[in-house]
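Me: Could you walk me through a few local details of this one? I'd like to begin with backbone angles and then move on to helices and sheets.

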Amino acid sequence: MKLPAAILAGALAGLSLAQGADVKAPVPPPPPAKAPAEALKALQVPDDLRLDQVLAEPIVAQPIFANFDERGRMWVAQYLQYPFPAGLKILSEDKFLRAVYDKVPLPPPHHVPGRDKITVHEDTDGDGVFDRHKTFLEGLNIATSFAQGRGGVWVLNPPYLLFYPDKNHDDVPDGDPEVHLEGFGLEDTHSCANNLQWGPDGWLYACQGSTVSGHVKHYGVNEPPVHSIGQLIWRYHPETRKYEIYAEGGGNAFGLEIDNKGRVYSGHNGGDTRGFHYVQGGYYQKGFGKHGSLSNPYTFGYFQAMKHPTVPRFTHAFVRYEDTALPERYRGNLLAVHPLGSHVVASALLPDRSSYQTKDIDKPITSTDPWFRPVNITVGPDGAAYVSDMYEIQIAHLRHHEGMVDRSNGRIYRLRSKETALAASKPFDLERLTTAELVDHLSHPNRWHRSAALRVLGDRKDREAIPLLLRRLDASTGQDALEALWGVNLSGGFNDAVALHTLGHADPYVRLWTVRLLGDAKQVSATIAARLAAMAEKETNLEARVQLACSARRLPAAEGLPIVRTLLTRDEDTGDIFQPLLLWWAIESWCDSDRDKVAALFDVPSLWRHSLVRDHLLHRVMRRYAQAGTRKDLATCARLLKQAPDAAAAKALVRGFEEAYQGRSLGGLPEDLTEALARFGGDSVPLGLRQNKPEAVTKALAVVANDSADSSERLQYVTIFGQVNQPRSVPVLLEVLQSTRDDNLRLATLTALQQYNEPKIGTTAIALYPRFSDDARSAAQTLLASRKAWAILLLEAVDRGAIDRASVPADVVRQLTAHRDDRIAQLVSKHWGNLQGATTADMKAQIDKLEGVVRTGNGSPYAGKVLFKNTCAKCHKLFDQGGQVGPDLTTYQRTDVANMLVNVVNPSAEIREGFETLAVATNDGRLLTGTLVEKDNQILVLRGADGQNVTIRQDQIDEMAPQKKSLMPEGLLKDLTEQQVRDLFAYLRSTQPLAD
């Protein structure tokens, strides 16, 4: 075996080489790789354990995932293609090695074959030695895991979830795979979708790592994809074909565990934790700067990893050991691989309210061989733990991408009790059991056997199992009862009659899972809804109450809100890890669709007294509506303030409002909200300004005029002056326009001055124009184009050369012509001639040329980010940065270069709904254009091409009409070099934020 400078397993666990101090002495060469038998001798275990090497190269190499089928045979995914997908070219990479490829690979059998394969290993005589080996699939391309069941084998081969039928179980696929899902990210192959496995509810569960994204949808179907950025747990139901995100956030999830109560976990490659315990619908901590924000902007909190004493950085894959073949100290606790440390660690799971904290027990496997890199662990039918070892000298993601990979190595070990002899055992096949025998098998002491029996029951769907399972469910408590409930569901027997019975079962986990199965249907009958609400009042088990909150959120408000209302009265849950935020997220899910029902929740004064409401809910619900900020939302804020039964409750609401409006203007608030805030907000200048109180106007003008005053306060007051029509402000605003060095304040001032029809405004703007920044010039153009007299001043400045004609974009020129003035028409014709844009043929030629440029060279996303900021960010957001004139590009299908080019080169070809341009003429002589932000019966808000919002009272509008042209200018790319175009599109196609 040759000596590589190699790496991998920890790369797969999201690990990288630590950055150490400068090396002052020569680094000794690494020790040579050991032959399999010698490597086994270098592994140490405690005196009461024994380690067997059950597989090694050349039979297996790069084993990334393993499980056992219903016959007790070991199946192994060999990740030989890592790190580069076959048939793809990298067009750009960021410093975390997140790649943009030239295309999306096709699914098998039309794909470019890779090296990955799935192999089967059998112990034919039961002596503990795998003596028969075969290949089920080969030629796969970045295949991370698989799951047997439902008449074949499911293969997670990003970007696809594949199903290979094998109805006769001969280990030969019956034909080409069925492609169920597409859109799993491939940009980082140490982090892509992984660890596919069955949940006890009949869903397939898996992880998505931190440095990939998802645009997941049914293969070949024209439907909106489920967009995601970074780490999460997802699941898919093969029968209903539903895909959903189970929980969002966590570590760099490359490992998944589901324990004997159905709890979901994944590990973490950070310090001071062993991983995350996921609840359904939860939002979890993530590396926000590197991996992007949570998908819901209104979470207002998230869950942390499980607590642990100070510990070095860890990794992802672990099992909760719940069998009997290992010593007692490991039962109920974690066994986890640590490739960076070349050992396996055991960690106790200790209760922590409705979750856990962990504390290390010992290291069941340690090694003097630095090549030992355990990356996966699973428990077999015999109750032993099986550890997959990539066997690499380094675990550095970076080095793998330099090509330093030895694909010839791989070992799998069995960890068992020293007292357990390898006496021959009879081969078995759960498929051959009768249905009654399968039901009896649910009492097996080994969790693997129970899970395998459940899976076969789910495959079989034999309704004759249902009465057997129901009798067992009635007669049992504890784990037997829970397994029986799962079996009833998998066999098709779960219905309202069963649920009404099991909601009162003596075992809390039967009750919990009844709630969860009901919630998964996303709708329940009136009888069930009433029973769930009653259960929320009486349920004694905290975990079951947590599931009630999770499931309530999945239901319509009419069914879910009564459950939440009752749970909010359970003051004992105030300090729980999960419950306060879960109840908030349930309410938040209905804030838009059922705002009246949400607001009516607070009609009962007694609810306000409960600690879950007072300490966790009031400020969040107020912040939610205030942050959304539409007129309807702000009206709801006013309603909530009016409902407050006392000053303390109102103070909590005002706190939420203040959190939402940090750095934002209070301009445009509805009058009833202004009045409500004034009652509880004290001597507020912004509120007084909105109410036109003379003393507030005087104070605000003094602040605006003071260059030393707080910039955010000055900005707030200037914005309000642009909405309240206070003539006293004009001289002060003009002075600010001339003297300020704060460009944001200057932009706000130019926008505010549109409100006032003062001749001096136009002449001042023209005089100061040469001193303005590009952004301020854009705002000045919008100001000057809004009134006929000022438009003439702008055009005359162009005519005499004081303003460069080329600096005035076509959309502004079109707005000028709408004033229908002969002088304006003459000057526009003189300097711009025919305003028609490029022809369709011209644009198609540009698109074809640019597409070739993008696809034939590499770009730098970092250089592209700078270009985006200068070219696009004024109007578009990407990863929470940029303007809001045009659509947020974060969830846009940015891998489609051709479609993106169409929208850039010809932005008027397809204007996204909600971003149509409106022209508005007011009865005081203004002409404004922009996209509609919102309107009600009192006001209309337009956002112009300069990114500024203008509020117009409805009684001021003389005429309003849609425009055919987009606000986005044509020709954005015409001044870029070919390399700059590549750089820009490298950034546009990035799937996660760049860390500078």
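Me: Is Asn725 buried, partly exposed or exposed?

Reply: Asn725 counts as partly exposed, because its relative accessibility is 36% (buried means under 20% relative accessible area, exposed over 50%, and partly exposed in between, with a 1.4 Å probe and protein chains only). Please keep in mind that this is a predicted model, in which local features need pLDDT of at least 70 and side-chain atom pairs count only at pLDDT 80 or more, while totals for chains, interfaces and linings use all residues. Residues are numbered from 1 along each chain as its sequence is written, and side-chain values use heavy atoms, with hydrogens and water left out.

Me: Where is Asn725, and what is its phi?

Reply: Asn725 sits in the loop between helix H22 (711–724) and helix H23 (729–739), where helices (H or I, at least four residues) and strands (E, at least two) are DSSP runs numbered from the N terminus. The phi of Asn725 is near 55°, a positive value in a residue other than glycine.

Me: And what about Arg150?

Reply: Arg150 is not a glycine either, yet has a positive phi of about 60°; the residue lies in the loop between strand E9 (145–148) and E10, and is buried, with a relative accessible area of 16%. Most residues other than glycine have a negative phi, and most peptide bonds are trans.

Me: Which peptide bonds are cis, then?

Reply: One of them joins Tyr82 and Pro83, with omega about 10°, and Pro83 lies in the loop between strand E4 (74–78) and strand E5 (90–93). Another runs from Pro158 to Pro159, with omega near 15°, and Pro159 is in the loop between strand E10 (152–157) and strand E11 (160–165).

Me: Switching to helices, what covers the buried residues of H27?

Reply: The cover includes helix H25 (759–768), helix H26 (774–785), helix H28 (810–817) and helix H29 (822–832), with contact meaning heavy atoms within 4.5 Å. Among the buried residues of H27 are Trp790, Ile792 and Leu795. After H27 comes Gly801, whose phi is positive, near 85°.
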